[in-house]
Amino acid sequence: MKKIAIVTGASGGIGQVFVRELAKEALDEIWVVGRNENRLLGLKKEFGAKIIPVCKDLTVTADLFSFSDLLKQQHPSVLWFVNNAGIAKMAPSKAFSISEIEQTIDLNCKAPAALINLCLPFMIKGTKILNVSSASAFQPVPYLNLYAASKAFERSYSRALHIELMPYGITVTAVCPGWVETDMLTKEINGKKVRFPGIVAPEKVVKKALKDAKKGRDLSICSFYVKCQHINVKLLPQKLTMKIWMRSIRSYL
Ligand SMILES: NC(=O)c1ccc[n+]([C@@H]2O[C@H](COP(=O)([O-])OP(=O)(O)OC[C@H]3O[C@@H](n4cnc5c(N)ncnc54)[C@H](OP(=O)(O)O)[C@@H]3O)[C@@H](O)[C@H]2O)c1
């Protein structure tokens, strides 16, 4: 049975680095999932024949089922499963259309939960699931409200699932980076260049996440800056942490 890794959102900043690092592991194939076929084919050119592009829109239920059909057809052993695809819109909650609300919840919440269930029959003792959540999952975040709430779902879901899958030797790691240098970030708001305190390169997030997953940890935090944030939100009332956040973004509003 072939041993594979699956990476969703593989063509983006963090996902691409996951592919690069997993290409160093003893795997027969890496299934790279996303909508943009050209970018997925680019990964095959870069990392070789073991890359298998799987072009899917993970907000579409029919695509989730056709992904499941592919698994049933190929019957691989899934050793690594990286739920990384995600979208973010930094805007007041009132600026979201119903379709944008649906897309965010479908991609950031529904897809990871559904994909894990579809992949579970193909996972074995030692399989590692990584769910890319965010430091924004630690507290409610005004003006990043829907995204942060969706990431809180992902973090909470991961940590509980880690306990549920423990008897099967499968671990689940919630990866919670702060700002990461990728195309996801809005670089300018109202003509003002946005500052991202504590920003890190995707390589730092991915290397720490894989190390933590190998150690069987249920949470991965890659920088001192986010570790401090994590401690603060445990010690301070949420009203205060939201106030501190609001002060940090007031010049963009
Ligand atoms: N950047 C940050 O500051 C930051 C911080 C914390 C957490 N994160 C999380 O890290 C993860 C990766 O983000 P990133 O920064 O690398 O963002 P990115 O560069 O925008 O990449 C997002 C990836 O998601 C895929 N994607 C988007 N919509 C999709 C859909 N409907 N179906 C399937 N794939 C879809 C995109 O591929 P296609 O366009 O080809 O579909 C792309 O590969 C996300 O979950 C994000 O929430 C990011």
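Author: Helices are DSSP runs of H or I with at least four residues, strands are DSSP runs of E with at least two, and both are numbered from the N terminus. Residues are numbered from 1 along each chain as its sequence is written. This is a predicted model, in which local features need pLDDT of at least 70 and side-chain atom pairs count only at pLDDT 80 or more, while totals for chains, interfaces and linings use all residues.

Reader: Which helix supplies the largest share of the shell around the ligand?

Author: Helix α1 (residues 13-22) does, with three residues. A residue belongs to such a shell if its C-beta atom, placed from the backbone, lies within 6 Å of the molecule. The shell holds 29 residues, and those that come nearest to the ligand are Gly9, Gly12, Gly34, Arg35 and Gly86.

Reader: How many residues of each class does the shell around the ligand have?

Author: Ala, Val, Leu, Ile, Met, Phe, Trp, Tyr, Cys and Pro count as nonpolar, Asp, Glu, Lys and Arg as charged, and the others, Gly among them, as polar. Around the ligand there are 13 nonpolar, twelve polar and four charged residues.

Reader: At what angle do α1 and helix α6 cross?

Author: Axes are lines fitted to C-alpha atoms, for helices over the stretch in contact, and angles between N-to-C directions run from 0 to 180 degrees. The axes of α1 and α6 (residues 202-214) cross at roughly 50° and come within 9 Å. Angles under 35 degrees count as roughly parallel, over 145 as roughly antiparallel, 65 to 115 as roughly perpendicular and the rest as oblique; α1 and α6 are therefore oblique to each other. On the α1 side the contact includes Ile14, Val17 and Phe18, and on the α6 side it includes Val205, Val206 and Leu210. In this contact, seven residues are nonpolar, one is polar and three are charged.

Reader: Which residues of α3 and α4 meet?

Author: Two residues are in contact if their C-beta atoms, placed from the backbone, lie within 7 Å. Leu64, Phe67, Ser68 and Leu71 of α3 meet Ala111, Ala114, Leu115, Leu118 and Cys119 of α4. Eight of the residues in this contact are nonpolar, one is polar and none is charged. Helix α3 (residues 61-74) packs on helix α4 (residues 98-119) at an angle of about 20°, with the axes 10 Å apart, and the two are therefore roughly parallel.

Reader: How do α4 and α5 pack?

Author: The angle between α4 and α5 is about 10°, and their axes are 10 Å apart. That makes α4 roughly parallel to α5. By class, nine nonpolar, three polar and two charged residues form the contact of α4 with α5.

Reader: Is Asn38 buried or exposed?

Author: A residue is buried if 20 or more other C-beta atoms, placed from the backbone, lie within 10 Å of its own, exposed if 12 or fewer, and partly exposed in between. Asn38, found in helix α2 (residues 37-47), is exposed because 9 other C-beta atoms lie within 10 Å.

Reader: What is the phi of Tyr143?

Author: Tyr143 has a positive phi of about 75°, although it is not a glycine. Tyr143 lies in the loop between β5 (123-132) and α5 (145-165) and counts as partly exposed, with 17 C-beta neighbours inside 10 Å. Asn190, likewise not a glycine, has a positive phi of about 50°. Asn190 is in the loop between β7 (188-189) and β8 (192-193), and with 8 C-beta neighbours inside 10 Å, Asn190 counts as exposed.
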